[in-house]
Every structure is written in structure tokens, then in C-alpha cells.
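Please have the sequence and the 3D view at hand.

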Amino acid sequence: MKSHPITVSRRGFLAQSASAGALGCLSGTSVAASPLEQSGDDAVVAAQYRGFVKKSVKDLPTPALLIDLDIFEHNLQALAGYMKGRAVTFRPHGKAHKSPAIGKLQLASGAKGLCAAKLGEADVLIRGGIKDVLITAEVVGKLKIERLMGLLAMTPDVKAVVDNDQNAIDLSEAALASKRKLKVAIDVNVGQNRTGLDKPEDVVALAQVIAKQKGLELIGLQGYGGNNQHTVGFENRRTKEVQSNERVVAARQALEKAGFAVQMVSVGGTGSYNIDADFPGVTEIQPGSYIFMDSHYNKIGGKDTPDFKEFGNSLSVLSTVISRAVSGRAIVDAGGKALSTDESVPEPMDLTGATFGVAGDEYGALRLQNPSRELKVGDQVQIMPGHCDTTVNLHNVFFGVRKGMVEHVWPIEGRGRTD
Ligand SMILES: Cc1ncc(COP(=O)(O)O)c(C=O)c1O
């Protein structure tokens, strides 16, 4: 199942998924009544977007970033249901949504806390009321460390990762100066060759440096195998992720042998959630995309099915046809500034027999081979992002829709917060 236009009902989506055996992991769990009703965040939306609650999707200004709430709720509950009763817990990555409103729904679904990629994201999540936030990229430099101390003053449960002695010393000095203790995890390179220490002995050496820093408390390890997440084919993915997890668990064992207590071993993402969730030595997983999905993730393949179906495509960009002047093409008003193309090509959702290509910053071209419906100027077309995180980062708000009506407008406070 690759696309779910907004007209697909939750029942229809669940029936499609269940009939393919995709929800085997959910047996005994049902989709709960909407927790979204508890959210009061619509009130903080900028005035130009607020008036659209209770309006028809047809009245939205396009390009508009839509969340199909039935599918989104299913995704929330599918992960939470899978993790329920397991020793490993989940800490969803807020880089996918950059929005406290959605972060709080993840907490309500059972998440232990959230991840943020950067200080800017952590800032909006913490100001939005989320207290337990792991910043998954190293915080380096005086200015950034001062900002981190500002967050630490708001919550003692903000956590940083480190892979460098001097950075650990700098973090500790700043924490001591503000009379606080900062929780840190050592970042382990599990194969992505991006950040993190390679060898267990290097991890132990850094732990010994951290132990001498009175401003720091070592809580454990992070070992994110980003290079594994989109590996096509479950068995291929499993083989790679197991190797990654073995590396972080070896670091854990070395730490414990050297006398350090390890409370947290944080790994994985959406592609590996069902590989990591039972891995001995891991304590939590960091999936981000599962709430939205995208055309890239759709292609990786599931555990028991050819398609990765546990989570549905809840995210789309609603566009409007603005020109039919060129034969064989319908030009829509969503281009490179509304849909990212860094990982995979966006795909039309409520139209078959057509492909999408960016035709400029503000233009998308639907190339019509054998279109399933006639397209006129003014018609709307829903496009599935190729990569959910980078597409979300292009928009100011999510429009949460159900049965063609807008129920929520959630601000994306963290958009552009790559700082
Ligand atoms: C450190 C870290 N953890 C978790 C994730 C979440 O990955 P996904 O969106 O594939 O679930 C990411 C995504 O890039 C990440 O960088």
C-alpha cells in the first residue's frame, strides 16, 4: 500500500493493512479513541492559519502540508502497541515533526521522552512542555553550550551526546558554572561513520574523562545506525542492524566491566524498530518517520510482507493544478520549496498513471501517462513526500484532516531550526 488519499477512511486503511497480515504485531491492540482531542495547541497557531479548523480541505491555501489523522493515529498506536510490554522502550525522534503538539501525543502513546536533532528543535520541544529530551547530535562551541545550559535550567532531563574529551570538559565547566549537572551519553559509531567512537576501549577512556567532570552524569550510550534504516529487504536490514547493535552492546559491556553503570542504550529508527525492540542490551529505540512515512520508506520491504505496511502514509502535500497549457502535463503549485527531493521522488497519491517531478521552486510537473482522472486547472492533487523530515521543514503548519475536513492546525515551531 503506497498511497492513502485523504478520502481513505481509517477503517479502509486498517482493513487493507490487516488483510495483508501487516498488523500481526498489533494483535490484541486496537486503535484508541482519538487522543488528538486532548490537544489544545491549535490556540497557538498564527492567525493566518487558524481560521481553517472545521473547514473543508478544498478550501485550504495550497501547497498545504496535510496529516491524515486516521492514519497518523494508527501509526502512533501501531508503534506504541508493538512496544507495549517489552523491556525496551521508545523515544521518538522529534526531527520528523518538529512540533510539541505531536511530541505530546507521542508521550501520551507511551513514549519515554523525545529525541531532538539539534538545540533549536530541543528548544521548541522543551518550551512546548516536553521535559525529557535527548539531543542526538553533539553540542559544540561556547555559544551552543550556553544555549544548552539555558535548556538545562528549564529541565534537568535534557540530555546530550559526546564523543570527544574536550567537549565533555567544556560541557562540564558550563554545567558547574550554572550549578547544575548535565546528563550525557557517549555516542558510538555503529557503522554510519558520522559521529561516535569506534572502539569499546575509546568509549571506556571517554567515560573515565567524564567521571572526573563534576558537572556531568554519564547515563549511557547512543548507537544510531542511520545507514541501515532504508536497507531494502528485511533480512538484509536485520543483518546490518544486528551488527550495529552488537557494536554498541560491546561498548556497553566494556563500560560495565570497567565499573560504569549503564542506564540507557539508545538505538535505531523506523526501519529497524522491530529488530531493535528485543535486542539484549538495548534500552530504547529512536524512530522518527513512523508517524508520517514517505515514498522512500515505502520501498524498504516489511518483515513478513513484500511492502513495509505497519505504518501508513499519513503525510501529504496538497497542491492545486495551475496550468494545463502544455500537453501531457499538469502543472501544480508545489515544487522544490514545498516537497523535498533529497532522498526519493514524491508521488501523486490520489492519481495513478502519472509521475511527479519538481519543475522549479514553486512548480511541480505531473507527467500524465494514463491518468486515472481528468485534471482541470483548479483541481487539487495530493503528493506523497519523498522524505518526510525535510518536507516538514519547509512548512509552517500541519493541517490535521479527517474525512475531508480540517480538525487541527498545528504549528511546526521547529521548522528551519537547524541551529
Ligand atoms: C540520531 C537519529 N535517530 C533516529 C532517527 C530517526 O530515523 P527514522 O526517521 O528513520 O525513524 C534519525 C533520523 O535521521 C536520527 O538521525
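Is V188 buried or exposed? The model is predicted, and in it V188 has a relative accessible area of 3%. A residue counts as buried when its relative accessible area is under 20%, so V188 is buried.

**Surroundings of V188**

- V188 sits in the loop that runs between strand 6 (182-187) and helix 8 (200-211).
- The contacts of V188, leaving aside residues up to four places away in sequence, include T195, G196, L197 and V203.
- V188 also touches L221, Q222 and G223, as well as R247, V248 and A251.
- From V188 to D202 the C-alpha to C-alpha distance is 9.6 Å, and the two are 14 residues apart in sequence.

**Salt bridges: total and network**

- The model has 22 salt bridges.
- One network of salt bridges links D123, R127, R147, R417 and D419.

**The D278 and R86 pair**

- D278 and R86 form a salt bridge in which the closest N and O atoms are 2.9 Å apart.
- D278 is in the loop between helix 10 (273-276) and strand 9 (284-285), while R86 is in the loop between helix 3 (69-83) and strand 2 (89-90), so the pair ties together parts that are 192 residues apart in sequence.
- R86 is partly exposed, its relative accessible area being 28%.

**The R91 and E284 pair**

- A salt bridge joins R91 to E284, with 2.6 Å between the closest N and O atoms.
- This pair links distant parts of the chain, 193 residues apart: R91 belongs to the loop between strand 2 and helix 4 (100-108), and E284 belongs to strand 9.
- Both R91 and E284 are buried.

**The K299 and E347 pair**

- K299 forms a salt bridge with E347, and their closest N and O atoms are 3.3 Å apart.
- Because K299 lies in the loop between helix 11 (295-298) and strand 10 (315-323) and E347 lies in strand 12 (residues 347-348), the pair ties together parts that are 48 residues apart in sequence.
- K299 is partly exposed, at 40% relative accessibility.
- E347 is likewise partly exposed, at 22% relative accessibility.

Technical notes:
Residues are numbered from 1 along each chain as its sequence is written. This is a predicted model: local features need pLDDT of at least 70, side-chain atom pairs count only at pLDDT 80 or more; totals for chains, interfaces and linings use all residues. Side-chain values use heavy atoms; hydrogens and water are left out. A salt bridge is a side-chain nitrogen of Lys or Arg within 4 Å of a carboxyl oxygen of Asp or Glu. Helices (H or I, at least four residues) and strands (E, at least two) are DSSP runs, numbered from the N terminus. Buried means under 20% relative accessible area, exposed over 50%, partly exposed in between (1.4 Å probe, protein chains only). Contact means heavy atoms within 4.5 Å.
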